[in-house]
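Visitor: Please take one part of this model and go through it closely. I would like the metal site, and then whatever surrounds it in the chain.

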Amino acid sequence: MAKKEVDDRFKKFGTVSFTAITKTNDFISYLEKGKVMGSRCKECQAIYFPPRSDCFKCLHSNMEWFEVTGPGRLLSFSELKYGPVGFEDDLPYIIALLDYGDYKVFGRISKDIPYEDLNVGMELKTEFYALPNGQLSYVFKRS
Ligand SMILES: [Zn+2]
């Protein structure tokens with residue numbers, strides 16, 4: 001049951017280039033510099049990842065960027081044998097959710113960590129990663 005839940009989340013994340021939807025194309029510019037960024041509302045301090053240009057909580061658009069750094073805690077993970085368009089060249093891979101306290105980051109586990117080594121609660125860090133097809137992304141690595 002837990003696995004299904006994760007897969008549904010991935011669908012939300014992967015069916016689109018989420019940066020286009022959220023109008024936060026600077027996200028890509030930051031990725032090009034090797035930085036993984038989220039956005040924070042300057043009005044109410046709400047934190048968003050993936051970043052958003054408008055705050056759902058207070059409806060302001062006064063957002064600032066912050067870098068996703070340091071360790072997060074592995075909440076859940078699941079191996080994916082097939083994926084959405086744009087990601088299929090790199091299958092299979094492991095998707096996961098990291099808990100950073102104020103926010104959560106959904107993404108994929110670095111290929112250098114075997115499935116057997118993963119444990120819920122372990123610390124991982126989020127790092128820039130270029131997919132084999134040249135697409136810019138990020139992965140979770142050992143912290
Ligand atoms: Zn807000």
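Guide: What follows starts with the zinc site and then moves to the rest of the chain.

This is a predicted model, in which local features need pLDDT of at least 70, side-chain atom pairs count only at pLDDT 80 or more, and totals for chains, interfaces and linings use all residues. Residues are numbered from 1 along each chain as its sequence is written, and side-chain values use heavy atoms, with hydrogens and water left out.

The zinc ion has four protein donors, C41 (SG), C44 (SG), C55 (SG) and C58 (SG), lying 2.3 Å from it. Donors here are N, O and S atoms within 2.8 Å of the metal (3.2 Å for Na, K and Ca); water is not among the atoms, so sites may look incomplete. Along the chain the donors are spaced as C-x2-C-x10-C-x2-C. C44 sits in the loop between β1 (37-41) and β2 (47-48), and C55 in the loop between β2 and β3 (63-67), so this pair ties together parts that are 11 residues apart in sequence. Helices (H or I, at least four residues) and strands (E, at least two) are DSSP runs, numbered from the N terminus.

The angles among the 4 donor atoms run from 103 to 116 degrees, and the site is tetrahedral. Four donors count as tetrahedral if all angles lie between 85 and 135 degrees. For four tetrahedral donors the ideal angle at a metal is 109.5 degrees.

C41 is buried at 0%, and C55 is buried at 1%. C44 is partly exposed at 34%, as is C58 at 26%. The disulfide count is 0, a disulfide being a pair of cysteine sulfur atoms within 2.5 Å.

Most residues other than glycine have a negative phi, and most peptide bonds are trans. Q45, in the loop between β1 and β2, has a positive phi near 70 degrees, and Q45 is partly exposed at 48%. L59, in the loop between β2 and β3, likewise has a positive phi near 70 degrees; L59 is exposed, with a relative accessible area of 70%.

F49 leads on to the aromatic residues. Ring pairs link F27, F49, Y138 and F140 into a cluster. Rings of Phe, Tyr and Trp (its six-membered ring) pair if their centres lie within 6.5 Å; planes under 30 degrees apart count as stacked, over 60 as edge-to-face and the rest as tilted. The whole structure has 8 aromatic pairs. In one of them, F77 and Y115, the ring centres are 5.4 Å apart and the planes at 70 degrees, so the pair is edge-to-face. F77 belongs to strand β4 (residues 71-80) and Y115 to the loop between β6 (104-109) and β7 (123-130), so the pair ties together parts that are 38 residues apart in sequence. F77 is buried at 16%, whereas Y115 is partly exposed at 29%. Y138 and F140 have ring centres 6.3 Å apart and planes at 50 degrees, so that pair is tilted. Y138 is buried at 2%, and F140 is buried at 0%.

F140 is also among the residues touched by S110, along with V139 and K141, not counting residues up to four places away in sequence. Contact means heavy atoms within 4.5 Å. S110 lies in the loop between β6 and β7 and is buried at 7%. D90, in the loop between β4 and β5 (93-99), is buried at 11%.

As for the whole, the protein chain has 3 helices and 8 strands, in the order α-α-α-β-β-β-β-β-β-β-β from the N terminus. Buried residues make up 41% of its 143 residues.

Notes. Buried < 20%, exposed > 50% of the residue type's maximum accessible area, 1.4 Å probe, protein only. Tetrahedral: all angles 85-135°; square planar, octahedral: opposite > 155°, others 65-115°.
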